Amino acid sequence: MSAVAAILSLALFLAFLTSGLQKVFFSTAMSAAAEHVGFTKAAFQRIGVLEALGAVGLVCGLSATGGFWFLVNDLAAWCLAALMGGAVVVHLRRGHGIKGAAPALVLGLVALLEAIFRLMA
């Protein structure tokens, strides 16, 4: 695995695990965020579970160079990118503009880059 892909995996792990756990445990800030995008508490918590599982998937395959764990890492990166793509669409449809969608857009692009660098290694 390339060093760039490993660094991106770790950065994504930290970002998605913290974000996912905040959604799962539904802090006060997450309550406001869920209301802002029009999601119920349960829906927001399900998104948090997906983010946390994706983060764990990235770390599980971090040192793999092939086989099952490599696929787990790759699948996690692609799924997180797709999840963030959906988040961008939701923010844009809710009228939050590119400023509101920027965090999801950046995380999605970083997840794509991680998957691409990992495949190139």
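Visitor: Which element gives the most to the lining of the largest pocket?

Guide: As a general idea, rolling a probe the size of a water molecule over the atoms shows where empty space is left. In this predicted model, α4 makes the greatest contribution to the lining of the largest pocket, with six residues.

Visitor: Which elements give two or more residues to that lining, and how much space lies in the largest pocket?

Guide: The space in the largest pocket comes to about 480 Å³. The elements that give two or more residues to its lining are α1 (3-25), α2 (28-37), α3 (41-60), α4 (67-93) and α5 (97-120).

Visitor: Which residues lie nearest the centre of the largest pocket, and how is its lining divided by class?

Guide: The lining consists of 20 residues, and K23, E51, A87, H91 and A104 lie nearest the centre. By class, 13 residues of this lining are nonpolar, five are polar and two are charged.

Visitor: How many aromatic pairs does a search of the whole structure find?

Guide: A pair of aromatic rings is described by the distance of the centres and the angle of the planes. A search of the whole structure finds two aromatic pairs. One of them joins F39 and F44, with 6.3 Å from centre to centre and 40° between the planes, and this pair is tilted. The other joins F68 and W69, with 4.9 Å from centre to centre and 75° between the planes, which is an edge-to-face arrangement.

Visitor: Is F44 buried or exposed?

Guide: F44 is buried, because its relative accessible area of 7% is under 20%.

Visitor: Is F68 buried or exposed?

Guide: F68 is exposed, because its relative accessible area of 56% is over 50%. W69, with a relative accessible area of 43%, is partly exposed.

Visitor: Which residue lies over the face of F44?

Guide: K23 lies over the face of F44, at 5.5 Å from the ring centre. K23 is also among the residues that lie nearest the centre of the largest pocket.

Technical notes
Residues numbered from 1 in each chain as written. Predicted model: local features only at pLDDT ≥ 70, side-chain atom pairs only at ≥ 80, totals over all residues. Heavy atoms only, no water. Phe/Tyr/Trp six-rings, centres within 6.5 Å; stacked < 30°, edge-to-face > 60°. Buried < 20%, exposed > 50% of the residue type's maximum accessible area, 1.4 Å probe, protein only. Lys NZ or Arg CZ within 6 Å of the ring centre and 35° of its normal. 1 Å grid on protein atoms, 1.4 Å probe; cavity = no way out; pocket = protein on both sides within 12 Å on 5 of 7 lines; lining within 4 Å. Points joined across faces, edges and corners; volume = space filled by probe spheres on them. Helix = DSSP H or I, 4+ residues; strand = E, 2+ residues; numbered from the N terminus. Nonpolar A, V, L, I, M, F, W, Y, C, P; charged D, E, K, R; others polar.
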